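Hi,

Here is the structure I said I would pass on.

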Amino acid sequence: MIILGIESSCDETAVALLDGGRRVAAARVAGQEDIHSLYGGVVPELASRRHLEVIVPLCERCFAEAGLAPAALGAVAASTRPGLSGALMVGEAFARAAAGALGIPFIAIDHLEAHLAVNFLGAAPALPALGLVVSGGHSSLYLVSAPNRYRLLGETRDDAAGETFDKVARALGLPYPGGPPLEKLAAGAREPAVRFPPPGVRDSFDFSFSGLKTAVIYHLDREPAADRAAVAAGFQAAVAAGLTRNLAYAVNRHQVRSVIAGGGVLANNYLRGRLEKWAAGRNIALHVPVLAECLDNAVMVAVRAWFEIQPPGGS
Ligand code: KG4
Ligand code: ZN
């Protein structure tokens, strides 16, 4: 069965063709940083318009690369929540129309579940697992009992982890999206990292990052001559401490056999390293997707759809 996956929830248009739930026959992502960086953040209307322009050529390119025709498809899946409503609408309308024209099922996918589900591509994380999503718009913790069963345990009460990276990066004078340049700045720190308290909500599965954001901004206001790299490194260290504290709280309350993670913020090598160290110290298996599958992509949408059509154990 070949599934066409479509992703358009924010500022990436992505298309993937997944064969038999295991083999990626083609995958493409078209970013929009060129338009949004002019405004320091995503402009929803511009995002929708760009999705509309590129979705058809991107699909054509994927079919050509895979040497497949649309008639080969068994289902079409698209992220339908959460995200920017106009942007989501483009992908969903396109996917529904394609499925309708071909007379095959359309599968609506939760974007956050997809970020986690991609860990089941070519691997079999032991279940039940804790699922940690840290992306631009969300920070969420799930209990995952099967590749198609996700129970939300907690989420951010204010800013998401990626949103915090973007806002702190802006305060440091870095361009949007802020995660990659902030990571680079922090990696070059010569002075010791500035210490910030780990963000979070005590005795809860929830996250909270706005206190950390404010602490960094106040620090920069108070000490304009502060070494920016040391501030960036301190901020990253605090985010890592906040995430591991939340995971520790959850593994003490739920019997899990592994941790699966996903979302654009995990493109950060320092954070990946800190999560790996935490998991190794507790003897817990940690699964984090390869870089391209942490950031928004359509492979994850097709993988999540595969487990909807084909329950675990099927082929
Ligand atoms: O998952 P994603 O691609 O889109 C959403 O679903 O939101 O995540 C995008 C977020 C942005 O906030 C971006 O700054 C952050 O991921 N990000 C990073 C890095 N690369 C991307 N954050 C920290 N370090 C990075 N290297
Ligand atoms: Zn995402």
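**The zinc site**

Let's start with the metal: the zinc ion (ligand 2) is held by His 111 (NE2), His 115 (NE2) and Asp 296 (OD), at 2.0 to 2.1 Å. Donors here are N, O and S atoms within 2.8 Å of the metal (3.2 Å for Na, K and Ca), and water is not among the atoms, so sites may look incomplete. Along the chain, the donors of the zinc ion (ligand 2) have the spacing H-x3-H-x180-D. The helices (H or I, at least four residues) and strands (E, at least two) I mention are DSSP runs, numbered from the N terminus.

Buried means under 20% relative accessible area, exposed means over 50%, and partly exposed is in between (1.4 Å probe, protein chains only).

Before you read on, a word on conventions: this is a predicted model, in which local features need pLDDT of at least 70 and side-chain atom pairs count only at pLDDT 80 or more, while totals for chains, interfaces and linings use all residues. Residues are numbered from 1 along each chain as its sequence is written, chains are lettered from A and ligands numbered from 1 in the order in which they are written, and side-chain values use heavy atoms, with hydrogens and water left out.

S1 (2–7) is mostly covered, with 6 of its 6 residues buried. Ile 2, Leu 4 and Ile 6 point one way from S1, and Ile 3, Gly 5 and Glu 7 point the other way.

S1 has two partners. With S2 it pairs in the antiparallel sense over 6 bridges, and Glu 7 stands opposite Ala 14 in S2. Two strands count as paired if DSSP finds at least two bridges between them. With strand S4 (residues 73–81), S1 pairs in the parallel sense over 5 bridges, and there Leu 4 stands opposite Val 76.

A hairpin joins S1 to S2 through 4 residues. Ser 8 is in the loop between S1 and S2 (12–19), and Ser 8 is buried, with a relative accessible area of 1%. What does the side chain of Ser 8 reach? The backbone oxygen of Ala 87, at 2.7 Å; that is a polar contact, meaning a pair of N or O atoms within 3.5 Å, where within protein one must be able to donate a hydrogen and the other to accept it, and residues adjacent in sequence count only if both atoms are side-chain atoms. Leaving aside residues up to four places away in sequence, Ser 8 touches His 51, Ala 87, Leu 88, Val 90 and Gly 91 (contact means heavy atoms within 4.5 Å).

**Helix H9 and its surroundings**

H9 (residues 269–282) has 14 residues and reaches 20 Å from its first C-alpha to its last, close to the 20 Å expected at 1.5 Å a residue (the expected span is 1.5 Å times one less than the number of residues). Leu 271, Arg 272, Leu 275, Trp 278 and Ala 279 are buried in H9. Seen down the axis of H9, these buried residues fall within an arc of 130°, so they line one face of the helix; the arc is that of the directions from the helix axis to the C-beta atoms. On the other side of H9, Asn 269, Lys 277, Ala 280 and Gly 281 are exposed.

The buried residues of H9 pack against several elements, including strand S6 (129–134), helix H8 (228–251) and strand S9 (258–262). At the start of H9, a side-chain oxygen of Asn 268 comes to within 3.0 Å of the backbone nitrogen of Tyr 270. After H9 comes Asn 283, whose phi is positive, near 60°.

As for S9, 5 of its 5 residues are buried, so it is largely enclosed by the rest of the structure. S9 pairs with S6 in the parallel sense over 5 bridges.
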